Amino acid sequence: MTIRALLFDVNGVLRHFDNSGAAQGEKAAGLEPGTIARYAYDHPSYTEAKVGLMTDREWADGVELRLAKDFGATAAAAAVAPWRADRGRPDEVMIDLLGRIRATGMPCAVLSNFTNALHSDLEVHGITVDHAFASADLRVTKPSPLAFEAAADRLGLHPGEVYFFDDQPGFIAGARAAGMPAELFINPQALTQRLATLGIPVQVPASL
């Protein structure tokens with residue numbers, strides 16, 4: 001089939017997290033490293049937020065309430081503020097490349113296992129795409145083939161007409177199980193090489 005759209009993961013491709021906000025919050029509150037991860041990402045509510053059963057705000061409020069219960073309200077507030085303020089580090093090279101791809105007329109979309117905050121985060125980082133799908137929007141997470149089928153359906157395309165890039169091998173497997181061609185994202189250089197084989201003429205940034 002002819003490729004009619006490109007689909008990208010967000011975290012690890014277009015932005016990166018080093019957990020500096022969580023580390024700052026834990027230090028400010030006198031908490032052990034990794035505490036926020038245990039109370040936020042290891043808690044069942046995070047899975048619920050990623051499939052749209054609660055909003056990002058509701059999930060974060062729950063994290064603060066759980067921290068307050070165990071460490072006190074002052075410590076919880078001190079820990080949560082830097083953590084929530086950290087929206088990751090944008091990958092400027094990839095964002096520039098994304099713009100160049102879209103300039104060729106090839107539609108670009110993103111699919112991320114994330115809460116409904118994905119959309120505001122894209123705006124914060126200046127990441128402009130034709131369509132953005134958070135797992136919270138689709139009510140299903142990668143690597144389920146249903147997530148890729150849902151994204152393709154919202155694009156108005158067959159999965160075989162969408163080419164997917166992600167930095168997680170398991171998600172690549174999920175896309176392929178849905179009939180969507182996919183490739184592991186390594187770096188911008190490898191991406192541009194694959195685009196060339198797909199017949200997508202991209203002007204490569206000088207930094208590459």
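Student: Which residue lies over the face of Trp-83?
Tutor: That residue is Arg-84, at 5.7 Å from the ring centre. Please keep in mind that this is a predicted model.

Student: What about Arg-15, which ring does its charged end sit over?
Tutor: The charged end of Arg-15 sits over the ring of Phe-114, 4.8 Å from the centre of that ring.

Student: Back to Trp-83. Is it buried or exposed?
Tutor: Trp-83 has a relative accessible area of 7%, so it is buried.

Student: And Trp-59, buried or exposed?
Tutor: Trp-59 counts as buried because its relative accessibility is 4%, and the cut-off for buried is under 20%.

Student: How many aromatic pairs does the structure hold?
Tutor: There are 9 aromatic pairs in the structure. In one of them, the ring centres of Trp-59 and Trp-83 are 5.4 Å apart and the planes stand at 75 degrees, so this pair is edge-to-face. The pair links distant parts of the chain, as Trp-59 belongs to helix H4 (residues 56–71) and Trp-83 to helix H5 (residues 73–85), 24 residues apart.

Student: Which residues do ring pairs link into a cluster?
Tutor: The cluster consists of Tyr-41, Tyr-46, Trp-59 and Trp-83, linked by ring pairs.

Student: Now the core. How many residues has the largest nonpolar core?
Tutor: The largest nonpolar core has 46 residues. Those with the most contacts inside this core are Leu-6, Phe-8, Trp-59, Trp-83, Ile-101, Leu-191 and Leu-195. In soluble globular proteins, nonpolar side chains tend to be buried together.

Student: What is Leu-191 in contact with, leaving aside its neighbours within four places in sequence?
Tutor: With those neighbours set aside, Leu-191 is in contact with Phe-8, Met-94, Leu-97, Phe-165 and Phe-185. A second, separate core has 21 residues, and it includes Ala-147, Phe-148, Ala-151 and Phe-171.

Student: Changing topic: how many residues of E4 are buried?
Tutor: Strand E4 is mostly covered, with 5 of its 5 residues buried. Cys-108, Val-110 and Ser-112 point one way from E4, while Ala-109 and Leu-111 point the other way. In a regular strand the side chains alternate between the two faces of the sheet.

Student: How many bridges join E4 to E5, and which way do they run?
Tutor: Strand E4 (residues 108–112) is joined to strand E5 (residues 131–134) by 4 bridges, and the two run parallel. The chain passes from E4 through helix H7 (residues 118–125) to E5, in a β-α-β crossover that is right-handed.

Student: What about E1, how many bridges pair it with E4?
Tutor: Strand E1 (residues 5–8) pairs with E4 over 3 bridges, in the parallel sense. Cys-108 in E4 is the bridge partner of Leu-6, and Leu-6 is also among the residues with the most contacts inside the largest nonpolar core.

Student: One more topic: where does Thr-35 lie, and what is it in contact with?
Tutor: Thr-35 lies in helix H2 (residues 35–40). With a relative accessibility of 1%, Thr-35 counts as buried. Leaving aside its neighbours within four places in sequence, Thr-35 is in contact with Glu-26, Leu-67 and Phe-71.

Student: And Pro-44, buried or exposed?
Tutor: Pro-44 is exposed, because its relative accessible area is 53% and the cut-off for exposed is over 50%. Pro-44 lies in helix H3 (residues 44–50). Its C-alpha atom is separated by 28 Å from that of Arg-154, 110 residues apart along the chain.

Conventions:
Residues are numbered from 1 along each chain as its sequence is written. This is a predicted model: local features need pLDDT of at least 70, side-chain atom pairs count only at pLDDT 80 or more; totals for chains, interfaces and linings use all residues. Side-chain values use heavy atoms; hydrogens and water are left out. Two strands pair if DSSP finds at least two bridges between them. A crossover is right-handed if, with the strands pointing away from the viewer, the path from the first strand over the helix to the second runs clockwise. A nonpolar core is a set of buried Ala, Val, Leu, Ile, Met, Phe, Trp, Tyr and Cys residues joined through side-chain atoms within 4.5 Å. Buried means under 20% relative accessible area, exposed over 50%, partly exposed in between (1.4 Å probe, protein chains only). Contact means heavy atoms within 4.5 Å. Rings of Phe, Tyr and Trp (its six-membered ring) pair if their centres lie within 6.5 Å; planes under 30 degrees apart count as stacked, over 60 as edge-to-face and the rest as tilted. A charge sits over a ring if NZ of Lys or CZ of Arg is within 6 Å of the ring centre and within 35 degrees of the ring normal.
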